[in-house]
Amino acid sequence: MTRSDPSAAPAAGTQPEEADRLRELLNAPAYRRTLLFSAIIGVPVSLAAFWFLAGLHALEHLLWAALPAALGWDVPPWWWPLPLLALAGLVVGLVVRHLPGAGGHVPAGGLHAAGMAPAALPGVILAAAASLPLGATLGPEAPLIALGGGLALWFRNLARAPATPRNTALLGAAGAAAALSAIFGNPLVGAVILIEVAGVGGPQLFAVMLPALLSSGIGSLVFTGFGHWTGLPTGSLSLKLGVPFPRLDAGDVLWSVVMAAGIAVALHVILSTGRLAAVFVVRRPVVHTVLCALAAGVCAAVYTLAVDRSPADVASSGEAVMAQLAADPHAWGVGALVAVLLCKGAAYALCLGSLRGGPVFPSLFLGAATGVLLAPLPGLGVVPGMAAGMAAAAAAALRLPVSSVVLVVLVLGSAAMIPVTILAAVVGFVTVELLPPGRAVPPVGKPAGPPAARPAATWDDSPEHRTRP
């Protein structure tokens, strides 16, 4: 393939169009090899992710259900999280101090693109296995991203494929996407999350995306409203599901916007506290990690003593508890909802800065619980409140508005709440972006190799850019 001299100025009318650039990229043998390798590594990465999640789930069930039942308790006693989280803090602190990669990214820094070196994988797996089943208020998505990306690069090294910066970034993202599909149950949300996490478009991507996202949500509200008001059919490419969802009205929309701004402020405080905890932990990784983890256990114990519910409501990712909340929201009184929001929010902040996991599932639960708590407001329903709460919380915690919308829609299993979901995600994202950024998360532990480079706008696999592992 003939390449033009990049230093020469292009003549008028000779600048290649975007379609020509894409065609050139797809015709590049190196890119085709990367696509083929991505398809191949998807199989072992998905299997590894499956068994990783199955192992975490089995260990969590053993520690929080089977073992208490064997000892004669229907639910774990109030003090149960204290020794488990203290042990989790000890193991994670030792991993941070002694193993390459420090057990993965600090959750308070948000999700990161797949740039984890294969040498860091033992620490990532050990830290996640110590954090998540033992009661960390975190989810498994961040370790999965690291696991998938690291395995993809490890398989590339085994195959002695060229280790260019571009295929490192592309293969890492492909492996992470294959792993994420295991936890979200849908390949679409994993791909969308990685597109936003990688930030290929930079700030310009969000500058163009937010107006389009907001306009589409408002347009959907107006269009749907006119259809209900006039009764005239317009025809649309859609499927009618047999699941009853409430019809949105003005109260749902207005309360969703107000609620989204408040949730964004609350999540900003939680994340800022998590970053302060990370600064505290980096000074003495072992001792301070134990102290933060133990404090998270105290939050779960206080919750149980206050409302006589299981400490697992606080000391967990929130995925299973959120399913219980959605199935029977009226089973939670106002006191229980306020208690779980306060205690889980505090435990979430402490775990974000000390243990290892992801920020997605706890933020979704906090948003859903807030929506249920505020549902009695005039004009606000339970389902719209939960949808808006989850979207605002996820967008504020992750800074990924499109991914938050897609994730909430898939969680709800219906497109009926898309308009308020979009509005809440945009309002939450904009609100948290306008707030002071706070302190950055400090680097911890031993480095595990150079970070992966981001893919640039063009493909270049020339010999001078190749290195052998």
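## A nonpolar surface patch

Leu 59, Leu 62, Leu 67, Leu 71, Trp 73, Trp 78, Trp 79 and Leu 305 together make up a nonpolar patch on the surface, with about 740 Å² of accessible area. Accessible areas come from the Shrake-Rupley method with a 1.4 Å probe, and for residues only the protein chains shown count as cover. A patch of this kind joins nonpolar side chains (Val, Leu, Ile, Met, Phe, Trp, Tyr) within 5 Å, taking residues with over 30% relative accessible area and no salt bridge; a salt bridge is a side-chain nitrogen of Lys or Arg within 4 Å of a carboxyl oxygen of Asp or Glu.

This is a predicted model, in which local features need pLDDT of at least 70 and side-chain atom pairs count only at pLDDT 80 or more, while totals for chains, interfaces and linings use all residues. Residues are numbered from 1 along each chain as its sequence is written, and side-chain values use heavy atoms, with hydrogens and water left out.

Helix α2 (residues 29-70) contributes the most to the nonpolar patch, with 3 residues. Helices are DSSP runs (H or I, at least four residues), numbered from the N terminus. Leu 305, another member of the patch, belongs to helix α10 (residues 285-307). Leu 305 has a relative accessible area of 57% and is therefore exposed, given that exposed means over 50%, buried under 20% and partly exposed in between (1.4 Å probe, protein chains only).

Helix α11 spans residues 319-327, and its residues Val 321, Met 322 and Leu 325 are buried. Viewed down the axis of α11, these buried residues fall within an arc of 100°, so they line one face of the helix. The arc is taken from the directions from the helix axis to the C-beta atoms.

Ala 320 and Ala 327 are exposed on the other side of α11. The buried residues of α11 pack against α12 (334-354), α13 (360-374) and α14 (382-398), where contact means heavy atoms within 4.5 Å.

The whole structure contains 0 disulfides, a disulfide being a pair of cysteine sulfur atoms within 2.5 Å. For Cys 292, the nearest cysteine sulfur is that of Cys 351, 8.8 Å away. For Cys 351, the nearest cysteine sulfur is that of Cys 299, at 8.4 Å.

Cys 292 counts as buried at 5% relative accessibility, and Cys 351 counts as buried at 0%.

Key: Helix = DSSP H or I, 4+ residues; strand = E, 2+ residues; numbered from the N terminus. Patch = residues over 30% accessible without salt bridge, like charges linked within 9 Å, V, L, I, M, F, W, Y side chains within 5 Å.
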